[in-house]
Amino acid sequence: MQAAWLLGALVVPQLLGFGHGARGAEREWEGGWGGAQEEEREREALMLKHLQEALGLPAGRGDENPARTVEGKEDWEMEEDQGEEEEEEATPTPSSGPSPSPTPEDIVTYILGRLAGLDAGLHQLHVRLHALDTRVVELTQGLRQLRDAAGDTRDAVQALQEAQGRAEREHGRLEGCLKGLRLGHKCFLLSRDFETQAAAQARCTARGGSLAQPADRQQMEALTRYLRAALAPYNWPVWLGVHDRRAEGLYLFENGQRVSFFAWHRAPRPELGAQPSAVPHPLSPDQPNGGTLENCVAQASDDGSWWDHDCQRRLYYVCEFPF
């Protein structure tokens with residue numbers, strides 16, 4: 001009995017070390033969990049069988065091999081050789097079975113890996129967002145500079161337009177006094193362009209003047225001589241700066257002053273001894289005769305008489321400029 005126990009003490013550690021080494025090699029070579037567990041169970045069963053045979057113990061429950069006793073050194077060596085052959089035959093081959101189920105540690109590792117990837121992607125997004133913010137700031141500054149430049153350009157253009165307007169008015173005033181009629185502190189200049197009364201006033205204003213506003217009889221006679229000489233031998237009506245648009249019968253100059261004298265056209269008077277006619281002359285009725293339909297005044301170029309006309313009629317016009 002002591003010899004059996006001594007033999008067991010010597011054999012069991014060697015078998016256990018051999019089993020652990022075999023299991024580690026098989027796990028490294030197999031790389032799978034399911035096959036390694038199955039092989040481990042087979043190794044444990046084989047080790048238990050050899051131990052029982054070495055100690056002369058009966059086989060345990062569930063063991064298919066019958067119990068045997070030790071019959072000598074040769075029988076034991078034969079059993080050992082057979083055990084080694086069985087171990088060699090029991091060496092598993094690589095299994096191509098289904099992959100093992102992941103453990104909680106694997107799931108945690110996978111989740112941590114995914115979180116690390118998301119963190120890296122989030123960091124890249126923050127870097128790009130910072131770059132975009134920097135670009136937006138640069139564009140905003142550029143836009144502000146463009147707006148300031150546009151405002152400066154607008155102011156410069158407005159200043160140029162104002163300077164151009166002043167130059168045009170000064171040029172028109174000089175041209176009116178050099179080419180037209182100079183009378184006292186004003187000059188008259190005839191324009192041979194056909195315009196409505198409002199358009200003629202606008203063009204005279206753009207040139208630094210206004211439609212002619214003869215202030216007294218002397219200026220009226222001087223203007224009559226100037227128009228007759230410029231348009232003879234024809235008779236052309238010419239717009240003056242006189243109208244009654246504000247109230248019928250209330251004639252005002254373009255500057256708002258009330259007209260103090262008039263030179264309305266009158267029909268020819270009958271000769272001495274002839275009976276006066278009750279019907280006015282059809283070609284030269286007394287003026288003004290248009291009522292509310294004719295609110296603007298034009299001067300005839302032949303005799304200087306005033307006629308009322310529709311303000312939308314297109315006629316020559318005469319401008320006056322300050323001197």
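The structure is a predicted model. The protein contains 6 helices and 8 strands, and 29% of its 323 residues count as buried.

**Overall architecture**

- Read from the N terminus, the elements follow the order α-α-α-α-β-β-α-β-α-β-β-β-β-β.
- Among contacts between residues at least 6 apart in sequence, 68% join residues at least 24 apart.

**Helix α4**

- Helix α4 covers residues 104-179, a run of 76 residues.
- From its first C-alpha to its last, helix α4 reaches 108 Å, which is close to the 112 Å expected at 1.5 Å a residue.
- The buried residues of α4 are Gly 151, Gly 165, Gly 172, Gly 176 and Cys 177.
- These buried residues pack against three strands, namely β1 (181-183), β2 (186-195) and β8 (315-322).

- Ile 107, Val 108, Tyr 110, Ile 111, Leu 112, Leu 115 and Leu 118 make a nonpolar surface patch of about 710 Å².
- One of these residues, Ile 111, lies in helix α4.
- Ile 111 counts as partly exposed because its relative accessibility is 42%, a value between the limits of 20% for buried and 50% for exposed.

**Salt bridges**

- The whole structure holds 9 salt bridges.
- Within helix α4, Glu 170 and Arg 173 stand 3 residues apart, about one turn of the helix.
- An α-helix has 3.6 residues a turn, so residues three or four places apart point the same way.
- The side chains of Glu 170 and Arg 173 meet in a salt bridge with an N to O distance of 2.6 Å.
- Glu 170 is partly exposed, its relative accessible area being 36%.
- A salt bridge also joins the side chains of Glu 320 and Lys 186, at 3.2 Å from N to O.
- Because Glu 320 lies in strand β8 and Lys 186 in strand β2, this pair ties together parts that are 134 residues apart in sequence.
- Glu 320 and Lys 186 are both buried.
- Glu 254 and Arg 245 form a further salt bridge, in which the closest N and O atoms are 3.8 Å apart.
- Both partners count as partly exposed, with a relative accessibility of 23% for Glu 254 and 41% for Arg 245.

Definitions and conventions
Residues numbered from 1 in each chain as written. Predicted model: local features only at pLDDT ≥ 70, side-chain atom pairs only at ≥ 80, totals over all residues. Heavy atoms only, no water. Helix = DSSP H or I, 4+ residues; strand = E, 2+ residues; numbered from the N terminus. Expected span 1.5 Å × (residues − 1). Buried < 20%, exposed > 50% of the residue type's maximum accessible area, 1.4 Å probe, protein only. Contact = heavy atoms within 4.5 Å. Patch = residues over 30% accessible without salt bridge, like charges linked within 9 Å, V, L, I, M, F, W, Y side chains within 5 Å. Areas by Shrake-Rupley, 256 points an atom, 1.4 Å probe, with all protein chains shown as cover. Salt bridge = Lys/Arg side-chain N within 4 Å of Asp/Glu carboxyl O.
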